[in-house]
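Me: I have a protein model open and want to learn how to read it. Where do I begin?

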Amino acid sequence: GLRTLYNTYTVLSIGLGLFSLWAGFSLWTRMAGAVERAKKYLYAVLGYSIILYFLPTMVGLPEEMSTEMQNVMAIASFRSFIYVAIWYLYLTKSKRVRGTYPV
């Protein structure tokens, strides 16, 4: 179960990291659709946090180990939700973002 957990975590983390680079590069170079891409990245961060919370149970780790990992992941997920909320609001409400990235 631990090997499956590690492999799944690694694949998800690499995928999210690559998406992060693409979204960041899009914003940096002011590509068309960059803000929407960044918002999709934020949705991916939320999904990633939720999956990681349930991953120990999904791979079949013993209940005690899963519970301990989920306690740690609950704190990390809460931080991710705050991160996403702040950046999503900034991308949605900011006059600077609207001025820099016209629709």
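Reply: Begin with the definition of an element: helices (H or I, at least four residues) and strands (E, at least two) are DSSP runs, numbered from the N terminus. Here the elements of the protein chain run α-α-α-α from the N terminus on. The radius of gyration, taken over C-alpha atoms, is 16 Å.

Me: What should I know about the model itself?

Reply: This is a predicted model: local features need pLDDT of at least 70, side-chain atom pairs count only at pLDDT 80 or more, and totals for chains, interfaces and linings use all residues. Residues are numbered from 1 along each chain as its sequence is written, and side-chain values use heavy atoms, with hydrogens and water left out.

Me: How do I read the length of helix α1?

Reply: Compare its reach with the expected span, which is 1.5 Å times one less than its number of residues. Helix α1 (residues 2-28) has 27 residues. Its first and last C-alpha are 38 Å apart, close to the 39 Å expected.

Me: Which residues of α1 are buried?

Reply: Buried means under 20% relative accessible area, exposed over 50%, partly exposed in between (1.4 Å probe, protein chains only). In α1, Leu5, Leu16, Ala23 and Ser26 are buried. The buried residues of α1 pack against α2 and α3 (63-93).

Me: Is lysine 39 buried or exposed?

Reply: Lysine 39 sits in helix α2. It counts as buried because its relative accessibility is 12%. Contact means heavy atoms within 4.5 Å. Leaving aside neighbours within four places in sequence, lysine 39 is in contact with Tyr88, Leu91 and Thr92.

Me: And what about glycine 47?

Reply: Glycine 47 also lies in helix α2 (residues 34-58). With a relative accessible area of 28%, glycine 47 is partly exposed. Glycine 47 and tyrosine 101 are 54 residues apart in sequence and 26 Å apart in space, C-alpha to C-alpha.

Me: How much of the whole chain is buried?

Reply: Buried residues make up 27% of the 103 residues in the protein chain. Now look at contacts between residues at least 6 apart in sequence. Among these, 62% join residues at least 24 apart.

Me: What are the spans of the C-alpha trace?

Reply: Along its principal axes, the trace spans about 50 × 20 × 15 Å.

Note on methods. Rg over C-alpha atoms; globule rule 2.2 N^0.38 Å.
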